[in-house]
Amino acid sequence: MPKTVSLFVPCFVDQLQPQVAIDTVKVLRRIGYTVHFPEDQTCCGQPAFNSGFWDEARPCAERFLKIFGASDVIVCPSGSCTSMVKSHYPELLKDTPSYNDAVTLGQRVYELSQFLIRVAQISDVGSWFPHSVTYHASCHATRELGIHDEPLTLLKNVRGLELRSLPHEEDCCGFGGTFSTKFGMISAAMGDTKAGNIEATKAEYVTSIDPSCLIHLAGIIGHTRRSSKPIHLASILAQEAQ
Amino acid sequence: MSTIPLQEFLRRATEKCADLTHRATIQRNIDSYDVAVAKGKQRFSDWEAARSRCSEIKAEAIAHLDRYLEQFEGKVKERGGHVFWAETAEDARQYIAGLAQSRGVKTIVKSKSMVTEEIHLSGALEKQGAAVWETDLGEYIVQLRNEPPYHIVTPAMHLTRVQIAQTFREKIPSEMNGEEPPQLVAAARRKLRKAFFSAEMGISGANFLVADAGMVAISTNEGNGRLTTTLPRIHVAITGIEKIIPRLSDLATLWPVLATAGTGQPITTYSTLIGGPRQPGETDGPEEFHVVLLDNGRSQVLASREHREMLKCIRCGACLNVCPVYRQIGGHAYGTTYQGPIGSVLTPNLKPSAGFEHLAFASSLCSACGSACPVRINLPHQLLLNRRDAMAKTGQSGSRTMFRLFRWTAMSSVRFRVMGWLSRKGISTAKALGIAGSKLDPMRPWTQYRNGPEVPTQTFREWWRTHGRQ
Amino acid sequence: MAGSNPQRERILARVRAATADNVPTTAPAASKAPIFAEIPDPLERFLRECAANLTEVICTRDSMESAAACDRVLQSLPPGELFFQDTPVFRSWASHVDSARTVRWSSGGPPSESTQATFTLAHGFVAQTGSILSSSLCGGRGASIVAPCHVVFGTTEQVVADIDAALQIANHDLLSASYVGLISGSSRTADIEKILVQGAHGPLRVVVILQAAS
């Protein structure tokens, strides 16, 4: 079992939500892993792929395979970006020389909670977070990666945390990448429905393993003057008792 | 590419997204669907295996479509039925309208059929003077309101009992005997019963065409499908060529799966097979039985290996119900015969030049549709393929330039850092100037509906420079 | 009109060209996995499913009890015309019918618009879904759908476990019929606010008189 992991930081996390990646590093280090961050990484190409520009996405994928080619285990604090590499690279690189690399590398990429539970086999990372929290099951993590119990198990083992179940927890928050700007009114209506369900739990925090959902929810919650605070799972797990 | 369907879509979607009454009506409806379906799935010892089997049955049928269609046709003819193959909507309309005219048909009853919506059949029949009655209650309600079906299974899902009572008061006041659902159903029953017993022609769709038995399978709960196919002198069943299934025994899986995915029922109340006109020695039944097999773009879809799987669709409506976009904008916003994810996937392929490419983009790619599909059509993947095809077809020079820039940026970590810095500066400047969300804000497509993100003082990679070593 | 149909050849040619690349599609693993749990006691299951789908079942021990059950059903019906499938059992039961009622027999034509109840046999009963396997041979096509009440007589020997078994009966015996169907409860709709209302276009009431095997 390698005790070194390579960190795959989604582009928008690097630029807009660095704390998510910082907290991921803290958690991984706390449980004894050495974290490696290939600084040449940029974006996995998902925005182009999802927008129909596969020719623009393909070089991004090939570049990603080169940068992470030597990594034994790759950890990412996003279900969606993990799924892009794991589920969609093989499709995108079908009929290219990189296809086999895409398939084998895909088997080495893990979303953070998936890594902690399935690979590191740790369900209690020694966190302390004395707040009420509800969990939003993000789409790609739930339906493309089959992640469900992993984040909940981790949350249940956080000392002081009161987990409240979210009605329609698996419904989309409405982000959807460029969908959120191309069809803003639909995206916002979906977000408003989600925010309403979150509000109904009266939880102080809403957490998720997808930072993009959390950016969207933060925008919606702020815009509609609701009060729950979005927080990434890594940032809860990074909290320790004083 | 025509921009009219897109503009219409945006206008209607914007209207519905702001309509909280509409949202609540749909949510109530779909909440009860969710409960029923969850319960219904428990009747299977292995729902996932059932999905796989249905997927295999349909895939096999589609792979040998020619053979099974011919087998079906042969059996129907043996019982004295007629089979007409229609290449286009116009061909199908002409055949049925011609039949009605030559047989002196004045009154036509219809049981629910999305294919008749696809080919706009009722209008053509009414134009030559026939009275056309929709007999499925939901279809009848939307017909009275001059609306297209809102949902492929639940056509009047968007209406409350109050709205339906209002419609009935205006259109069939003499049948009204109260405004609660049982009384509204009774009013429609009384009105439509007269039509059933006077109609010379009954038009139905088909859920399946059973190749080895040469029978048309029709599922209805109300029994209108039974009456439509029993009482009039002529029965016409029309459906798409992809509805074929190889064997009668396949229905042992398909019937319960269709009912469960559609409404949560164990099986539809009337699961019916029609194989021909009244046979010698039989008590009753139509004198003539016609099956119209419609292509209308399906063989083109079949020719694409990538898109072929969408022909497995059994029109259960599950993908609409679980779709968060459908739940916000409703069925009419699409402007298509088939709504929701399956409509967004099918329409641009069945009607390549009608300008519905945008529908594939009107999705958050949340995959709920793919998980719900009882025949395992990979709907989110089909949406991605449609997006790719649309961009290849239309060029979309603005978007292409943007994604070329994206690629140029992502191919170098230096350029990525510079562009990231510019973007963050843009967001914080708009905030500082107090223009965030206004028309001057370059981030307006985002900030119009949401607050912009807080811009951090340093990026992760800047933090890593100082904290990278343990 | 039903004569030449050149489109047939064009459609078939396109379909053949499109599927020329077809690859074997059956994945045996999934095909063989059981989908439904076994039904250890079909009769018990049939009764339970009928209770759920609102089919009334009257269990009887012998022909005397069945005739008595029929009498009770007859007495519960509103005045008006009755329709019977023309078979010996119904000929004997119909002799009890109040003379004020008009009685029609399937040998003389289908039920009419004003028929209050129809009486037919069935080809089988399906435990899995509480369904009646019927066809145009059971008194015709209208016999099971036009009246507000449909009464079916059968025996427990006719109860089969599942839809698959019912379809096997259809495959062996009923392919010459113009209509075959499974009827699972009364006519119903939930098109208004998903509220279940019984008696949409077909029978409001479905009754099975189920006699124990002799």
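Modeller: Two residues are in contact if their C-beta atoms, placed from the backbone, lie within 7 Å. By this rule A:Leu116 touches A:Ile122, A:Val125 and A:Leu154, with residues up to four places away in sequence left out of the list. Bear in mind that the model is predicted.

The same rule tells us which chains meet. Two pairs of chains touch, and the pair with the most contacts is B and C. Chains A and C do not touch, and 18 Å separates their nearest C-alpha atoms.

Take the meeting of B and C. On the side of B, 81 residues are in contact with 66 residues of chain C. Helix α3 of chain B, residues 47–63, gives the most to that side of B, namely eight residues. Sorted by class, the side of B that touches C holds 37 nonpolar, 27 polar and 17 charged residues.

Now look closely at a pair of helices there. Two packed helices are described by the angle between their axes and the distance between the axes. The crossing of α12(B) past α6(C) is right-handed. From α12(B), the residues that make the contact are B:Leu251, B:Ala252, B:Trp255 and B:Pro256, and from α6(C) they are C:Ile163, C:Asp164 and C:Leu167. By class, this contact has six nonpolar residues, one charged residue and no polar one.

Strands also join the two chains. Strands of a sheet pair through backbone hydrogen bonds, either parallel or antiparallel. Strand β9 of chain B, residues 270–274, pairs with strand β9 of chain C, residues 179–183, in the antiparallel sense over five bridges. One bridge in this pairing links B:Ile274 with C:Tyr179 of β9(C).

Within chain B, consider strand β7, residues 234–240. How many of its seven residues are buried? The count is seven, and the strand is mostly covered. In a regular strand the side chains alternate between the two faces of the sheet. In β7(B), B:Ile234, B:Val236, B:Ile238 and B:Gly240 point one way, B:His235, B:Ala237 and B:Thr239 point the other way, and all are buried. Strand β4 of chain B (residues 201–204) pairs with β7(B) in the parallel sense over four bridges, with B:Ser204 opposite B:Ala237. β7(B) also pairs with strand β10 of chain B (residues 288–294), again in the parallel sense, over seven bridges. In β10(B), B:Val291 stands opposite B:Ala237.

B:Arg315 has a positive phi of about 55 degrees although it is not a glycine, and its place is the loop between α13 and α14 of chain B. With 19 other C-beta atoms within 10 Å, B:Arg315 is partly exposed. Phi of B:Leu365 is near 55 degrees, also positive in a residue that is not glycine. B:Leu365 is in the loop between α16 and α17 of chain B. Is it buried or exposed? B:Leu365 is buried, since 26 other C-beta atoms lie within 10 Å.

Next comes the meeting of B and A. Here 51 residues of chain B are in contact with 54 residues of chain A. The largest share, six residues, comes from α19(B). By class, this side of B has 26 nonpolar, 18 polar and seven charged residues.

Finally, chain A itself. It has an open sheet of four strands in the order β2-β1-β3-β4, with parallel pairing. β2 and β4 of chain A stand at the edges with a single partner strand each, so one side of each has no neighbour in the sheet. From one strand to the next the twist averages 35 degrees. β3(A), residues 74–76, pairs with β4(A) over three bridges in the parallel sense, and A:Cys76 stands opposite A:Glu111 of β4(A). A:Leu116, with which we began, lies in helix α7 of chain A, residues 112–119. A:Leu116 counts as buried because it has 26 C-beta neighbours inside 10 Å.

Key:
Residues are numbered from 1 along each chain as its sequence is written. Chains are lettered from A and ligands numbered from 1 in the order in which they are written. This is a predicted model: local features need pLDDT of at least 70, side-chain atom pairs count only at pLDDT 80 or more; totals for chains, interfaces and linings use all residues. Helices (H or I, at least four residues) and strands (E, at least two) are DSSP runs, numbered from the N terminus. Ala, Val, Leu, Ile, Met, Phe, Trp, Tyr, Cys and Pro count as nonpolar, Asp, Glu, Lys and Arg as charged, and the others, Gly among them, as polar. Two strands pair if DSSP finds at least two bridges between them. Axes are lines fitted to C-alpha atoms, for helices over the stretch in contact, and angles run from 0 to 180 degrees between N-to-C directions. A crossing is left-handed if the near helix is turned anticlockwise from the far one by less than a right angle, and right-handed if clockwise. A residue is buried if 20 or more other C-beta atoms lie within 10 Å of its own, exposed if 12 or fewer, and partly exposed in between; C-beta atoms are placed from the backbone.
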